[in-house]
Amino acid sequence: MKQLLALIIFSSVTTVFSQSGTIKVAKPKPVPKKDTAAIVNVIQVWSYKPFIASNYSFKDNNKLGYEAGISFNRSVNKSLAGAWFGLSYCAEQQFFELSSYDKQKQEKAAPFSQSQNKSEYLKLSMGVGEMLNLLGGRRRGDLYIELGIVPKYLLKTSNEYNRLFYSDFRKYNIAGKVNFGFFIKRRLLFEMIYSHDFLENLKDRNIYDQTGAYIGKQHSKTKLLSFSASYIF
C-alpha cells in the first residue's frame, strides 16, 4: 500500500514538471531618460554708449554739423538686439531759400537767394536694434541695424543776412531714422545714420518775388546723413 501511494505521488510530480510551458520572468520597466537638451539662459541686460558724430544736410550745404550724446540699450545677453533710447545735442547746418520780398517789413529784401542757418537741437531718440552675424564671430564682423524716431526741440538758430530768425522755425519736430553699424573691436561701434524730418521746419514756406507776389513753396524738411563713433559699456 505504501509502495502504491509513493508511485502515485511520483507520477503526479513527474506529470507536472513534464508539461510544456515557460516561466515568464518580469523585466524591469525602462527608466525614462532625462531630457538632456541644453537650457539657454536669457538674460536681460542694460548697456550704454556715449557717441560723437558729424552730419551733413544736403541741399548745396558746404558745412558740416556735429552731435554728441548717450544711448541706453536694453538687450538680450549683451547682443545689443533690443529696445533703446538716447539723449543728444545736435547742431545742423542747412540752406533755406529766401524771398526777394520781406513780408514782415513789407519791402524788398536783400538780394540773396539762400541763407545757411545753424540750428541747434536737443534730441530724444528711441527705437529698436538688431544684430546680424555675418562672419560667425562675437560682435566683430556683425552688422548692427537700428530703426527709430527722434523727437527734437529747437534750442536756437543763427542766420545769414539778418533773415530767418528763431521765430520763423518750428520749436518742435520729429524725424525717422535708420542706423547701419559695424564693430571694429568688440566694443567700438561705427555707424552711418540717415534721418528725415516728418514736419516742415519753417512756419512760412512761401517764396515771394520783389513785388510781394507768391511764386511757390520751398521744402524745409531736413535730410541728415551722419557718421557716428561710440563705445559700448
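I looked up the pairing of E6 with E7 and found 14 bridges between them, with the two strands running antiparallel. I counted two strands as paired if DSSP finds at least two bridges between them. Within this pairing, Ser119 has Thr157 in E7 as its bridge partner. E7 is also joined to E8, by 11 bridges and again antiparallel. There I noted Pro151 opposite Ile174 in E8.

The model is predicted, so I kept its limits in mind: local features need pLDDT of at least 70, side-chain atom pairs count only at pLDDT 80 or more, and totals for chains, interfaces and linings use all residues. Residues are numbered from 1 along each chain as its sequence is written, and side-chain values use heavy atoms, with hydrogens and water left out.

**Chain layout**

I found 1 helix and 12 strands in the chain. Helices (H or I, at least four residues) and strands (E, at least two) are DSSP runs, numbered from the N terminus. Along the sequence the pattern reads α-β-β-β-β-β-β-β-β-β-β-β-β. Of the 233 residues in the chain, 36% are buried. For accessibility I used these classes: buried is under 20% relative accessible area, exposed is over 50%, and partly exposed is in between (1.4 Å probe, protein chains only).

**Aromatic pairs**

I listed the aromatic pairs and got 10. Rings of Phe, Tyr and Trp (its six-membered ring) pair if their centres lie within 6.5 Å; planes under 30 degrees apart count as stacked, over 60 as edge-to-face and the rest as tilted.

I then checked Trp46 with Phe85: the ring centres are 6.4 Å apart and the planes stand at 80°, so the pair is edge-to-face. This pair links distant parts of the chain, with Trp46 in strand E1 and Phe85 in strand E3, 39 residues apart. Trp46 is exposed at a relative accessible area of 52%, and Phe85 is partly exposed at 38%.

Next I took Tyr153 and Tyr172, whose ring centres are 5.1 Å apart with planes at 45°, so this pair is tilted. Tyr153 belongs to strand E7 and Tyr172 to strand E8, 19 residues apart, and the pair links distant parts of the chain. Tyr153 is partly exposed, at 28% relative accessible area, while Tyr172 is exposed, at 58%.

Ring pairs also link Trp46, Tyr48, Phe72, Phe85, Tyr231 and Phe233 into a cluster. I followed up Phe233, which lies in the segment after E12 and is partly exposed at 46% relative accessible area. Phe233 and Tyr48 are 185 residues apart in sequence, yet 5.4 Å apart in space, C-alpha to C-alpha.

**Cavities**

On a 1 Å grid over the protein atoms alone, a cavity is a set of points where a 1.4 Å probe fits but cannot get out, and a pocket is an open set with protein on both sides within 12 Å along at least five of seven lines; lining residues have an atom within 4 Å of a point. Grid points are joined across faces, edges and corners, and a volume is the space filled by probe spheres set on the points.

The largest cavity has a volume of about 300 Å³. Its lining has 27 residues, with Phe51, Glu67, Ser125, Lys177 and Ile193 nearest the centre. Among the elements that give two or more residues to this lining are strands E1 (44–56), E6 (114–133), E7 (142–158) and E8 (172–183). By type, the lining of the largest cavity divides into 9 nonpolar, 9 polar and 9 charged residues. Ala, Val, Leu, Ile, Met, Phe, Trp, Tyr, Cys and Pro count as nonpolar, Asp, Glu, Lys and Arg as charged, and the others, Gly among them, as polar.

**Largest pocket**

I put the volume of the largest pocket at about 470 Å³. It is lined by 26 residues, of which Asp102, Lys103, Arg163, Leu164 and Asp168 lie nearest its centre. E10 gives the largest share of this lining, 3 residues. The lining of the largest pocket holds 10 nonpolar, 5 polar and 11 charged residues.

I looked at Leu164 separately. Leu164 lies in the loop between E7 and E8 and is buried, at 13% relative accessibility. Leu164 has a positive phi of about 55°, although it is not a glycine.
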